[in-house]
Amino acid sequence: LWGAILTATGAELGNQDRPSAEAVGRAVTAGTAALQRLGKCRLGDKTMYDALEPFAVALNDNIAHGQDLASAWSEAADVCTKKAIATADLVPRLGRARPLAERSVGTVDAGATSMALCMRAIGKVLA
């Protein structure tokens, strides 16, 4: 899944020029779409998509409202972290936690947590 996200993101960004904030937003959206296609996931499934999709929306909204990439990313990473933490309230419908069903309630999704940690780390680099 991570490979699909990174491949789609990289394909959208290319490697010829320094990407604009808008190009980065489109690339993150492409990565999010790749995760959804491959994982067949949707919001509420208790997967990394529950953190990545809101991150992508927030990032693109922040950029559209004129924020520079570093600020837009940082604020979107906050959203990503909050959404990852919120997966603790979900019953998994997909992924490795699915067999645990209700027993996983109260525990955050590992994929969503790793996504939030990665987005936060990238934000620090951009800052």
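Predicted model: local features only at pLDDT ≥ 70, side-chain atom pairs only at ≥ 80, totals over all residues.
**Entry 1: the core.** I began with the largest nonpolar core, which has 26 residues, and I noted that Phe55, Leu59, Trp73 and Met115 touch the most other members. The largest share, eight residues, comes from helix 3. I wrote beside this that, in soluble globular proteins, nonpolar side chains tend to be buried together.

**Entry 2: Trp73 and Phe55.** Leaving aside residues up to four places away in sequence, I listed the residues that Trp73 touches, among them Val24, Val28, Phe55, Leu59 and Met119. Trp73 has a relative accessible area of 6%, so I marked this residue as buried, the cut-off being under 20%. Phe55 is buried too, with a value of 0%. I counted one aromatic pair. Phe55 and Trp73 form this pair edge-to-face, at 4.9 Å centre to centre and with 70° between the planes. Because Phe55 lies in helix 3 and Trp73 in helix 4, the pair ties together parts that are 18 residues apart in sequence.

**Entry 3: helix 1 against helix 2.** I turned next to helix 1 (residues 2–13), which packs with helix 2 at an angle of about 145°, their axes being 7 Å apart. The crossing is right-handed. On the side of helix 1 the contact includes Ala4, Ile5 and Ala8, while helix 2 brings residues including Ala23, Val24 and Ala27. Sorting the contact by class, I recorded eleven nonpolar, two polar and two charged residues.

Methods: Residues numbered from 1 in each chain as written. Heavy atoms only, no water. Core = buried A, V, L, I, M, F, W, Y, C linked by side-chain atoms within 4.5 Å. Buried < 20%, exposed > 50% of the residue type's maximum accessible area, 1.4 Å probe, protein only. Helix = DSSP H or I, 4+ residues; strand = E, 2+ residues; numbered from the N terminus. Contact = heavy atoms within 4.5 Å. Phe/Tyr/Trp six-rings, centres within 6.5 Å; stacked < 30°, edge-to-face > 60°. Axes fitted to C-alpha atoms, helices over the stretch in contact; angles between N-to-C directions. Left-handed = near helix turned anticlockwise from the far one by under 90°. Nonpolar A, V, L, I, M, F, W, Y, C, P; charged D, E, K, R; others polar.
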